[in-house]
Amino acid sequence: MNLSICVSLSLFLFFIGLTVVLVRKEFLFILMGMEIMFNGAALTAVIGAQHWQDPFGQVLTLFIMIIAGVELTVSLLIVMHCYRTLKISNIDELKQLHD
Amino acid sequence: MLNTIIFTPFIAAIVIAIFAHQKNGIARIASLSICTLTFFFILGIAFSLSDIISTVTVSRPWIQSLGITYQLALDGFSLVMILVSTFIAMMSVLVAWQSIHRWDIFGPLLLMTLSGLLGVFLARDMILFYVFWEVMLIPLYFMLTQWGSQQSHHAATRFLLYTITASLFMLIGIICLYIQVGRDTGVYSFAFTHLLAAPLSDNSLWIFLALFIGFAVKVPLFPLHLWAPDTYKEAHPAVTILLSGAMANAGVYGILRICTFVSPLSLTTLSNTIMGLAATGAIYTGLIAYQQNNLRSVAAYSSISHMNLAIMAIFAMQLQAINGSMLQLVAHALSITGIFAIIAMLAARGFDGELDEMGGLFKPMPKLGAMLLFFFIASAGLPGLGNFASEILILVGSYQTSPLWAAFAAISIVIGIAYFLRCYERAMLGPIITSSIEPDNKTHTHLSDLHWREMTLLSLLVIAILWLGISPDTFLQPLHNAVTHIIEYNVNALRGH
Amino acid sequence: MNSLIWLIPGAPLIGAGFIILFGSLISAQICARMAALMVLISATLVLSLWVELLGQANTTVPNAILYHQALFSWMSIGDWKVDLSLTVDKISLIMMTVASSVGFLIHLFSINFMKDEQGERRYFFYLNLFIFGMLSFVMAHDLILLYLGWEVMGLCSYALVAFYYQKSHYAYCGRKAFVVTRIGDTALAIAIMVIFANFHSIELPQIATLIDAQQINPISLTLIGGLLIIAAIAKSAQFPLHVWLPDAMTGPSTVSALIHAATMVTAGVYLLIRFHPLFDQLPDLQLIIAFIGCLTAFFAASAALSQNDLKKILAYSTISQIGYMFAAVGVGAYGFALFHLIVHACFKALLFMSSGVIIKAYNEEHDIRKMGGLGQKMPFLRYIYLIGSLTLAALPFVTASYYSKDPIIAATYTQDFGFYLTALALLGALMTGLYSMRMYLMIFSGTPRSEIHPYAMSIGMKLPLTILAFLSITIGFIQTPWSWGPELLIPWLASDLGLPHLPHGAIDVTINLLGIAASLIGIGLACYLTPKELKHQQGLGNVAFLNQAWYIDALSMKWIVTPYYYLCSLCRVFIEKVVFFHVIESSITGMLITGHRSLSRSQAGLITRYLYFICFGAIGLLAYILMTIYPIHA
């Protein structure tokens, strides 16, 4: 398959994620956007691995998936707590540390 | 050996902080014994080094990619400085003995500062020097904020801001110096032996100024002294002793050790200006001291006044003057420690230094009064006592370079006695202010004379001051090589131009 | 003998050290006796030096150093070599004799006089320290030891003037004394600086040699001379820096006797004599000294005329008498200055010590108008005081002062503007007779004007007074004019100080006769005016201009001290508070705060906004990296 098409696809994924993160203000959407961005990046790694015939890319992808999972767990927990204790689901309301 | 000197207080600080938590008495005794131990260790070195020319050094690579090394060395000048610093730290512990109730915090902070100070005096690498410099400053900030009067937070913030800004100047100076010397020689290294080996080719004035300002704030040179009076006044006297007795010395030490080698040409260019500033500062602070209504402020301004003389002497770049400047560090440290020790003792008796509330205290406390008079006249430069030896050297030496400024600075002789005597008169002489001894006034009931611990402390200082006054040669001998080096370096550098 | 020189200043120092270390363990009376003993040791040693010296023949070598003892090396840095050592030559021997002997007599007197006073140990500590200071000043081989003695004296003077420190005014007077003399100390310190810069030595004999070699540029010499004069007039309370001495009378009378009459205040004269080779080369400065001396002699005598405080009369008379010594120095009659110094030390110590007893007898009353009639109650004191007063008045032929003062007046005629100088000196002499006898008559004659508490003087107090009274009469005969009697002092000193110029023939006789007349007229006037003043309650004591000493003190307050306060305020309030804190520091902090506010406003805490920042930052960074990798070539 053509390398440039594949890279374009991963870039496309990444920018979709980025747009979601930038445009939407709800926690859950932002988390979803971030996941999409992760996937875009992971896809690049896989493509690179195929292209250079190097298993390192696959390993990296696995790492990314694990880290994404872990990160999602923690952030979902934070989001849940934000909702429960602070009663907010909008990210711009999360500025309690601001004086 | 040098590592032992520096890190004994440092490790002791950590150990005390961890193991003596909430144990006031143990922490206090441990702090004192560590200071004393270090002092006697250094004293032992001083006696065992029969030939002071042979310097003890430690040198290891540290961050090789940047040319940073871990270099320590001991020469006569450093030896005198660390000896005095440890002595002052010891005095500071004794002064704080009763009035501090959290020795498990105060002791480690003090030891940490001491460790930084010793490091500053022993470091022979710019970055190492800078690191120790900061190590010495930061604990002081906490000591300032935790122990002191109500306004001490404000003063401590001002102290921190001035100091950090000055450190920034110093850091910029150090980095520029590093780059400049690297460009000149092709070797990038932070070691003193490399950076201070030859005068700079260009940009020297700016680098010199950056470094000089970094040190001068600490001294403090007029007009960079604005942080000092308040800080000295509001801090706990034991902390002020460290600040004015030991920390100010580090500033002058830096100028002597670094600035004089960076650029002799800039030093000569600025000589007249800085001598003028310093002489003016000595007189100016003396005039202000005359109108202070607090014993602490008088002592603070007098300290600034004396340190300005030391700066003036450096810029005279003359044999006697430089010797005098170094000796002044010792003499000033001893006499100002004495004054602030007495201020602490008065504070323990319920007087926070306000002259309006004192008066006639000589009657109930003749020993304290006599001691205060001793330290006052020692500070005012009575012959036979420490400060005279240094001040006459400073004045005689500076006169050779700049008769005008030296003669002008000499006026501080009469101004000094004027403010000290005024202060003494209002605190100790005259009729007793009745409110201060009324039995129902609980804060002032305890008007007893000095007890044995205070007497020991002050006697040690008196002996040191007398010794310095009568036989300054014991202190000048170890300084000889350092002074000769500075002078020869500067003379040769200027001859080259 | 030579090896014991150090003990001369050393013994009082040991005494002082002993009192401060162990004084609290032993009784005050023992402290007092020991202090006196220490000074006795010094005095004995000095006298034994005389004995040894008079046995030798070679006393005519110029500037001979009779004894020399090195003490220790104080410091040595390049040219600046200070090896402290003690030297005795003829000039210092005379001063040592005065300081130690008069000092001992005053110590002896003090043992009883100060008995049971509060702070007796402190008194004797400072007194001993003072003797040490004076002796080391006099015997100094170099300027540092000289300066040490000079300053120690100032300190002791301060501590003893403020001895009764519980009265605010007394403490103030002590401070005033120290600060004003410290002006002189500053001048001396600067003089040391100039001397070292020009001579590269601070040893007195070497300086003298170099001055004689005439290799130093005259401007520096003039500068040094001027500074030394300032130092001397401050220490010796000469016009216009005399203001501290009248106020210094708040100390115990014995202190006034020792410090403010016999020894410390004459240190300035001694300093100038020490540097006589310098002044011999600078006739202009000599004229200034002579003028200051004569003016002070006249001015202080006139001020003494209308003082009513017994001790202030004596204070102004001291200023006036030292004025004569200055005049002698100014005309090159150094020998006579020393001679008058000795005589003055004797009779003024006598007068001051007696005045202490008188004041005690009148229950701390200082005003002579309220005294009177003491003659019948205390006849011994009366005759002693009469001798003192007559010597002060320089009664011709009998008293020592006549032999010492009149040659000085005559010698002033040889200086430029000699006529005016002599006239001032003669007028001073006339007024001296007047005020000294006014003082005597007011105290001892007539009827008591306030209650007298008879004060029993012990033998320990009478003995010093008797000795001093004896000396006040007899010591004059060692140096008589016109060779009609022994001439011992001036020729003996000539090898060091040279012979003074005296006018010859008719002028000499005329001035001498005028001097005799001045003294006699003064005494006569006093006998005429004093009873009138007592009768009318109106007289000399009411002349405000003279009583306030020409308002010099008030003027100096107004024109020097007050501006100094203003200067301090200017620094403290205007420069420090307004300029430094409110303008400079505040503007810097203001700028920082404004910057901080505007920056912190951009940090609104909106996470999406931060995200945008991150993105744009990342894009910018990416663009920068790409541009550096693939530069755009135009």
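So, contacts in chain A: if we take those between residues at least 6 apart in sequence, 46% join residues at least 24 apart. Keep in mind that this is a predicted model.

What is chain A built from? Now, the overall shape. The radius of gyration of chain A comes out at 17 Å, while the globule rule gives 13 Å for 99 residues, so the chain is more spread out than a compact globule. Along its principal axes, the C-alpha trace of chain A spans about 50 × 25 × 20 Å. And of those 99 residues, 12% count as buried.

Okay, on to the neighbours. Where chain A meets chain C, 9 residues come from chain A and 7 from chain C. On the chain C side we have 5 nonpolar, 2 polar and no charged residues.

How do they cross? From helix 11 of chain B you've got Tyr284(B), Leu287(B), Ile288(B) and Tyr290(B), and they meet Leu567(C), Cys568(C), Cys571(C), Arg572(C) and Glu576(C) in helix 24 of chain C.

An unreviewed UniProt entry annotates residues 74–124 as "domain: NADH-Ubiquinone oxidoreductase (complex I) chain 5 N-terminal". In the model, that stretch is 57% helix and 25% strand, with its end C-alpha atoms 28 Å apart.

Technical notes: Residues numbered from 1 in each chain as written. Chains lettered and ligands numbered in written order. Predicted model: local features only at pLDDT ≥ 70, side-chain atom pairs only at ≥ 80, totals over all residues. Contact = placed C-beta atoms within 7 Å. Nonpolar A, V, L, I, M, F, W, Y, C, P; charged D, E, K, R; others polar. Helix = DSSP H or I, 4+ residues; strand = E, 2+ residues; numbered from the N terminus. UniProt positions renumbered as here; feature names shortened; annotations may be inferred. Rg over C-alpha atoms; globule rule 2.2 N^0.38 Å. Buried ≥ 20, exposed ≤ 12 C-beta atoms within 10 Å, placed from the backbone.
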